[in-house]
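Please open the structure in your viewer and keep the sequence panel beside it, so that each stop can be selected by its residue number.

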Amino acid sequence: MNKLITLLCFLVAAVSLPAWAQDLRPAFLLTGALQRDSQDLSGQWTYSKDLYRTGLTDINGWVAKSRMQRYRDIDVAAVEAKGGADFFEFDMDRGAQIAVPGAWNAATPELRYYDGLVWFQRKFSAAPEAGKRRFLRFEAVNYRAYVYLNGKEVGRHEGGFTPFVVEITDALRAGENRLTVGVDSTHDAQSIPTTITDWDLYGGITRPVRLVTTPATFIDDATLALRPDGRIAGEVRLQGPGAANQEVTVAIGTLASARAVTDANGRAVFDLAAPRGMQRWSPEQPTLYDVRFAGAGDTLGDRIGFRTIAVKGSQILLNGKPLFLRGISLHEEEFGPNPARNMTESASRALLHEIKHGLGANYVRLSHYPHSETTVRLADEMGLLVWSEIPVYWTVDWDNPAVLRKALAMQAETIYRDRNRAAVVLWSVGNETPVSPSRTRFHGAMADNVRQLDPTRLVSAALLVERRSAPGGDVLAIQDPLVDKLDVLAVNTYAGWYGSDSLEAIAALRWEVPGDRPLILSEFGADALAGYRSNGSDGMKKFTEEYQAAYYRQTLAMAERIPTLRGMSPWILKDFRSPRREHPVFQNGWNRKGLLSETGVRKQAFEVLRTYYRAK
Ligand code: GCB
């Protein structure tokens, strides 16, 4: 049956995706770059604000004046020392310093709400070697990046949460190199997301940048997964002059190995029986195997877990067994009063530890965009199932083919990056997007794209619910044609926080959902300011810890009455920055729906959810 579903998905994908969707693979992926010979370019860079973008273009879109071009390969101080007609309106060498990676908004008060272009520079030394290739791999730059090396443009990228690679083999010089990156955080009606979200701007080079060295022909991408039919399948892609007709091998620890030969495009596929004795990955036992790919003189290692995920009727099956997703939603924001979205391993571990061991959860919704590779790898290692999504959120220019292309490309970049992570079980194609024919077509193309790129995982979306009055109490229903494209239905529901429902009314709400499809509550939540308490006689006041805790009790009671409920990811683990939230007493720029304060103090509702999960 599973095989049949997969095959049908392939057929659907083949007919309904535009032809150009076949070309979404970036020129280079360098998946597994973290395991490669590389130089980490993290550290202090210099920066220069450029609110009017004069370093990129002059008035009327003409090329920028040379005195404004921050990316020039020039020693401004030395030229100035000579005197003469030339002058400059920047000097990247003498600019203020800023830590990379990290969002600029946390770096200095002047950048707190800065939304625009900022230039970054750092120098590094390198020694080009014959027969070796060099790449810069950016794990994330929010939102647009313009990359220059030694004064020459070497690449551009749009999309704030996915990695991109530029080859610099020919632009690199022996000795000192000058790397300049223009980062434009501005969003618009055609960006993904658009200008309106409920999280911080977080502009900058937010994840690490690495200078990666490879042989002339190298393994650009290698993947391996357990298929629903119990076999292990995967592929290797070689890049370079010697990519065709090469023998490539894969070894899963000492358990199994296989060989294949690349085609004219450098691609080879593996298909092998799952070795006897191979442990299945699960949250309880997150076994990872050392997997080694080799070919054309290059090798690439990864740590991969093997598991199946499928839907049968209203059940979600992990390794063939019914599963309840005891989860929580998470934004990419570290604990502390001034987060910079710098997900070091310890920052990420601290958050996931509270989820896994504090709440006793087995699942996390990484909302609303692809989180760092560090986090997804940790989820693999710690045993937390993951919902992954790209920020097709609220408002999107649904009728614009260029925007759809961006969404599909962003999705492809995410899937290529994370498809070796057993933890990831759900790809979501949207969050709370109002139903319309063009929006449903847009999400439908995204779902088809996912199935084509990765038939081993489930597709979902966080949908809006419709509410109607009926005798015996209000009814919540999913009335969204997108459900036909999804494996798992998911809804966000805030009755009892937004709107006029009393807390007592929540538990009485009735759900009308298909009886043969699994449902997840992808969000529910209420704000509470940690430490703001009810005095007992003031009734239930919003923003108190008591209100939030009672809201959780009522919503969980409501959830218990949905027979097809297979999981939940309440909103949200930790209070997070959001410029939408400006109540001067309770919010001050923070969304307070966390079960933890921004510094990690547990609110009463944390215990309510923890107790519920213990009993599940
Ligand atoms: C939602 C959104 C989420 C918001 C949340 C809220 O439905 O999906 O991004 O932060 O509600 O707090 O209102």
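The tour below visits some backbone features in loops.

This is a predicted model, in which local features need pLDDT of at least 70, side-chain atom pairs count only at pLDDT 80 or more, and totals for chains, interfaces and linings use all residues. Residues are numbered from 1 along each chain as its sequence is written, and side-chain values use heavy atoms, with hydrogens and water left out. Helices (DSSP runs of H or I, at least four residues) and strands (runs of E, at least two) are numbered from the N terminus.

Begin by selecting R53, which you will find in the loop between β2 (43–50) and α2 (76–82). The phi of R53 is near 55°, a positive value in a residue that is not glycine.

Is R53 buried or partly exposed? With a relative accessibility of 27%, R53 counts as partly exposed, where buried means under 20% relative accessible area, exposed means over 50%, and partly exposed lies in between (1.4 Å probe, protein chains only).

Next, select I192 and P193, which are joined by a cis peptide bond with omega of about 0°. P193 belongs to the loop between β9 (175–184) and β10 (209–215).

Move on to S367 and H368, where a cis peptide bond has an omega of about -15°; H368 sits in the loop between β22 (363–366) and α4 (373–382).

Finally, select E432 in the loop between β24 (424–431) and α6 (437–453). Although E432 is not a glycine, its phi is positive, at about 50°, and E432 is buried, with a relative accessible area of 16%.
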